[in-house]
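Keep the viewer open as you read.

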Amino acid sequence: MNERQRFTRKIVYACVIAALLLPLSWLSQPETTESKGGMLAQMRAANQLSQAQLGEIDPASETIKLATLGMRGVAANVLWTKANNYKKTEDWVGYSAALEQIAKLQPNVVSVWIFLGWNLTHNVSVEFDDFHDRYYWVIRGINYRQEGTKYNRDSPRLLSDIGWTIAQKLGRADEKVQFRRLFREDDDFNGSRPLAQRDNWLVGREWLMKAEQVAARGVAVRGERPVLFHSHPVMCLVNYAEDLEEEGTFGEVAKNAWRKAAASWAELSNRDLPTLSNVFVRLGDKEIYDERSKKAQEELDRLATADLKEKFKAEKLASLTTAERDAYLAPADRRTTQQNELLYAVNDKMTIGHIDLAERVPGENRAAALKAAEEATFADMMSNLINIERDVVYYHYWMLRCQIEPEDSTLEARKLIFEADRAFTAAQLVKASELYDQGMKKWREVLDAYPALLKDASTTDPLVDSINHYRSVLHQLDEKFPKPFVLQDVLEADATFHGLPLPEGEQGSEAPPSGDAAKASP
Amino acid sequence: MASDVVVETRNLSKVYRDFWGRQKVRALKALDLEIRRGEIFGLLGPNGSGKTTTIKLLLGLLFPTSGQALIFGRDATDVSKNERLGYLPEESYLYRFLNAEETLDFYGRLFDMSAADRKRRTTELIDLVGLNWAKRRQLKEYSKGMARRIGLAQALINDPELILLDEPTSGLDPIGTREMKDLILRLKGQGKTVLMSSHLLADVQDVCDRIAILHQGELKELGRVDSLLKVRDETEIRARGLSESAQSEIRAVIERHQGTVLAMDNPTTTLEDLFLAIVRDSEARPGRRAKPEHDPEPNAAPNR
Amino acid sequence: MVHETDAILFADWIWPALLFFLEAAALLGLLALIGGFLVAAFRYGPMAGGDTAYRMIRTGLVDFVSISPRRIAALSWLAVQESLRRRVLVGFGVFLLILLFAGWFLDSRSNDPAALYLSFVLTATTWLVLLMALFLSALSLPADIKNHTIYTIVTKPVRPGEIVLGRIIGFAVIGSILLAIMGVFSYVFVSRVLSHTHEVEVASLKKAPNDPTGAQTGRTSSVLNHRHQVNLDEKGNGSTDIVQGHYHQVTTERDGDKVRYVLSPPRDLLTARVPLYASGLRFKDRTGKGSDRGINVGNEWKYRSFIEGGSLAAATFTFDDITPERFPEELPIEMTIRVFRSYKGDIEKGILGSLVLKNPRTGRASQLITFRAKDFYIDSLPISRKLTDPAGNSIDLFADLVVDGQLDIELQCLDDSQYFGVAKPDIYLRARDASFTMNFVKSYLSIWVQMLLVTGFGVMFSTFLSGAVAMMATLATLVMGFFKQFVFDVAQGSIQGGGPIESFIRIFKQQNVTTQLEPGLTTDVVKAGDQVFMWFMSHVTTLLPDFRHFDDVDYVAHGFDIPPDTILIQLFTALAYVAAVFAIGYFFLRTREVAR
């Protein structure tokens, strides 16, 4: 090859390199104050993926990422394997060190923070026997995720997860009494937060509301139903009020707590919530839609005469097969199993839709009937959608509780029973007996005012425990269990819940059933 | 006398092969040589003629493909021969991070010399090569000439009987070249045997007793320098202080005796002529011992 | 700390190891000779081949005998000079940088910072030094050959073995110097980072409940992300609880009305316990029947086995060498007991357990010595020499219980249906405390041994490979050495996902390791290929040193003295490898044309 050829080739190479650089520049030119940068920079900006938008730029993390020389994936993989091994061999120092390093390698993967933080709070903590250690690891897991918010300040999922963990892990664990106590004493976590606010429910709610604020700025909440996402901070207030009472705080403080919870529920009722069918609903609007539906149906009924309906029904019946018709017409107690199976489909066939009916309305009324039918169908659908969302968060129940609990009689009833239980534990039998007596009477008032409470095991279960204590107190005092018993309906309701034989008054001579053993907590 | 033979090669051949064992270059073909004690032997040849290969084979840096290289009667791959041998490589392959004293001390230790011996020898040699003024400087600061000198000094550290010099004057200025040649002659004076390779004909001509001319791995010529170069039908006249008229007078005299004046100016290096003649001949008739137009003396043929 | 295998005594190890070494050396030597002969015979014919092989052995022996310490010293000195020229000190700079910024990468909330920091500095030192040894040793000789500086060496009366050995020693020397400096810096770093004291928060001091003497409890200020509970007696002296593996002693200074509480530096933070481990551990099941293991409570890791509380189940540790000279006052028992609760029980209280000291021959036993188990922590339970038996008679430990230095210690869990988990090293006698500094030095010695190994392999590979390739080969040795067990496991198929080809296919197809590959010819070929490859790899790996055996970081990190036997075994293993790589390096360099 001669000099000229060599030269030509060099020129060609240079041209090819230059040509390849063009798309590279188009792709990856960095963003500056003047220009928007290349394709990648623009995509980063559009999807809010640039480091500065996500959170802090941590030199340590950047150094580690650089030091892996593009082998970050491999390094992360090795670390995960190592972490798993540490976990298996119960080397918690090594485990948490590996976790920190993983986080430094993958600081912007929110699920890493959540997953590993969960591991610390829920899986590592329970390996330890001493609740102090357990508390330490729960807090470590929370701190770990808090660290993650530095790098991902706009992740509602991470913020919500932190709030949820502070609230639920500390407030619902087996060790909740100890955890809540340690949390109140924890100056290191709480810093200068005043003692009155050092409650895991309230602190957790702060984080949950941060998550809501971020979501309100338009950041999508992924992986959680909106109604649930927004119910967490509300439920924190409810749980806070419940735990206040459980730990013996009543009076104005408890009342206020319940009122606040009620207000929060009311607020949630008025919030526009997206549903799975992409329709926005408000939890509180169901009654409005029910009313609209009722009105529209009345209108439709007015337009479609009774015999039109009967005729329609007869037609439908005629269109069924013999077996279906038999199943439909058979009296409920005579139906065979097969017929019962058929019935679901048959009922569906026999249902008369508003629109179908409206279309049969003759003459000039037809248009008006169709309009009414559409209105009714729409209102039914909305009511139905709201109902689904309501069921997800036990709307009815909590609304009821929030209504009942701040009332003086309820507070009084709960206080009396609480004090009676305390007297019982302290073996002050006479005092306990009196307090139980008063408390149960108070409960009678509450239950009479709100009989719906009887359908709720979380109300009856603790009451039944207390009734058992009462029974035991009376037994020790050589007194007879009163008959008729003032809360007999509670015992009956409890027996129904747990599938026990109905209690038949009092069998005075028998040994009192041990309260704890008789009850299987749900 | 057999003991007088310091270096002997028998049918020494070297073929360079590539990774797969395929033959690439025949660097040396069936070389037979004998170098005797006390002589300065020159290996002459153009670049790539096999001089350096020969030296490397003699040193055991390469293993022969066939044939044998013997030094002091021992196989060239035998390490113990190195005790009595000094080698100046083609370029000074020395550790550039050491200074002159450290270098010589280090090589002295490789000969298992005692500390006192090393110190004495180091001082002597640094004096000998005239580097006393730079003995504390790292070799990386040395000029090429200085590096050659320290290279020579390391070759002499063990006071060797046989010294192999690969292109000893390459890269040296005229004064350096002269000093090197003087040193080589001085070594001969001390009874040492010197084997040197060079492509600089003047050097070889000046100092060597015998030379071998290699071309393309083949031995082309071997013999005493003086006899190789003696051209019997030519007479060289050298004179000083002749005037123009005196010169023309001499021309006239030569012509009168039916002689032809070939040239009358500064004498040429006739080895160069010989060399070029051999190279030309070798290229014309490869694989044959050179037959230049002017026959060398019969007794210049190798003694076998 | 965790010992998954029993410690080996040097005296038990050396003779079989030596025998194995000699056998392996003889076998490999023979194989090399046959191989060498075959190559030579193929090239030059059988006669010349035989001659070459013979000369090889002869000169080998001669060279070995005529090795000169002075030449080796000179070559070592050269290697040191060369290393310095190659800016080996840059590595030290990197180390300092790492120490400076260690705080960035280390978990400041760790509940055992001593373990974390110690293992960090030791691991960082190990990797830096090994990398440096790798670079220096693998690149040096090839560079010499490339620069032709080797010409002036091999034309001196230098034996190839001396070149190899000189380099190994030289780089080992520079590595040692570097290690020494790093060691000093690490030591200062760790002790400075961990050294701290607290203030007693006076406002937190309260009278201890149910204690008429005037003792007080309170807490200290938070320093280095932790604080302690303080327990003071009526005079104001006392100590803190153990947090992050240490405690402080508290003394009170009174100056008129002013009261000042002074906390000592951390105690038990940097220690080197010398444990006397049990020689045997037996279990009894819930019916009192003997067995080798207890119950598995569902852990994947089978290290500890569990005994059921409130039953006859027990774990009996047998100790040897218990003498009055060693333990004149008391038995300093320390234990780490895992707790597994099958029901919640009383959360505020630990699970109750008991130890009984038993005469292994007569079965005579002490009274129950009860304790509440501290899960995951080392609990010390010193037992006085004067004991009482269950009947209340006083007995003497040595007179009544110890027979020929032997003693049984029986562990039981007393709470019904709760479980204790133990392994043999979990209950030991803390015979004495060795110097932490010496232990630190010992751990550096094990790093030194690893460095020597890497250097040896690096130099060996560099005698016949070019620089970059030699480096890769050494790196491969190192990596394979660290993953030796993994390679064996893959070869035996006990790791899911198959060998390298299968794994590659799985990665490429994004297939989970547990899914079956589609049966068929391709799968069979892939599996067969993997098997052949892994057969080869596992045999190669067998020859390589298991680098994890040289890792003593855990001892230091967990505050245990590195047994001298372990160090000796490591040292001798390394020497054996160095001898082997020296021999291999010698023959490769000997047969190499350095001028090619």
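Chain B of this predicted model has nine helices and 10 strands. Of its 304 residues, 42% are buried. If you take the contacts in chain B between residues at least 6 apart in sequence, 68% of them join residues at least 24 apart.

Chain C comes to 16 helices and 21 strands. Its C-alpha trace spans about 100 × 65 × 60 Å along the principal axes. Buried residues account for 37% of the 596 residues in chain C. For contacts in chain C with a separation of 6 or more, residues 24 or more positions apart make up 71%.

**Cores**

Which residues have the most contacts inside the largest nonpolar core? They are Leu300(A), Leu164(B) and Met451(C), and the core itself has 232 residues. The element that gives the most to this core is helix 6 of chain C (residues 113-146), with 19 residues. There is also a second, separate core of 36 residues, and its members include Ala314(C), Leu331(C), Val339(C) and Leu397(C). As background, nonpolar side chains tend to be buried together in soluble globular proteins.

Setting aside neighbours within four places in sequence, Leu164(B) is in contact with Ile55(B), Leu58(B), Leu59(B), Leu85(B), Tyr87(B) and Leu195(B).

**Where the chains touch**

Start with chain C against chain B: 23 residues of chain C are in contact with 24 residues of chain B. On the chain C side, the elements giving two or more residues are helix 3 (69-85) and helix 7 (149-154). Helix 3 of chain C gives the most to that side, with six residues. By type, the chain C residues that touch chain B split into nine nonpolar, seven polar and seven charged.

Now chain C against chain A. That contact takes 23 residues from chain C and 20 residues from chain A. Helix 5 (102-105) and helix 6 of chain C each supply at least two residues of the chain C side. The chain C residues touching chain A divide into 11 nonpolar, four polar and eight charged.

**A helix pair in chain B**

How do helix 2 and helix 3 of chain B cross? The axes of helix 2 (residues 100-110) and helix 3 (residues 115-128) of chain B come within 9 Å and cross at roughly 130°, so helix 2 of chain B counts as oblique to helix 3 of chain B. The crossing of helix 2 of chain B past helix 3 of chain B is right-handed.

From helix 2 of chain B, the contact uses Ala100(B), Glu101(B), Leu104(B), Asp105(B), Gly108(B) and Arg109(B). Helix 3 of chain B answers with Arg118(B), Arg121(B), Thr122(B), Leu125(B) and Ile126(B). Sorted by type, the residues of this contact come to four nonpolar, two polar and five charged.

A few backbone angles deserve a look.

| Site | Angle |
|---|---|
| Lys483(A)–Pro484(A), cis peptide bond | omega about 5° |
| Glu90(A), not a glycine | phi near 60° |
| Ala30(B), not a glycine | phi about 40° |

Pro484(A) sits in the loop between helix 24 (457-476) and helix 25 (488-498) of chain A. Glu90(A) is in a loop too, between helix 5 (72-88) and helix 6 (92-105) of chain A. Ala30(B), on the other hand, lies in strand 2 (residues 23-36) of chain B.

Ser433(A) belongs to helix 23 (residues 429-449) of chain A. With 19 other C-beta atoms within 10 Å, Ser433(A) is partly exposed, since a residue needs 20 or more to be buried. Beyond its neighbours within four places in sequence, Ser433(A) is in contact with Val473(A), Leu474(A) and Leu477(A). Ser433(A) and Ala423(A) are 10 residues apart along the chain, and their C-alpha atoms are separated by 8.8 Å.

How values were computed:
Residues numbered from 1 in each chain as written. Chains lettered and ligands numbered in written order. Predicted model: local features only at pLDDT ≥ 70, side-chain atom pairs only at ≥ 80, totals over all residues. Helix = DSSP H or I, 4+ residues; strand = E, 2+ residues; numbered from the N terminus. Buried ≥ 20, exposed ≤ 12 C-beta atoms within 10 Å, placed from the backbone. Contact = placed C-beta atoms within 7 Å. Core = buried A, V, L, I, M, F, W, Y, C linked by C-beta atoms within 7 Å. Nonpolar A, V, L, I, M, F, W, Y, C, P; charged D, E, K, R; others polar. Axes fitted to C-alpha atoms, helices over the stretch in contact; angles between N-to-C directions. Parallel < 35°, antiparallel > 145°, perpendicular 65-115°, else oblique. Left-handed = near helix turned anticlockwise from the far one by under 90°.
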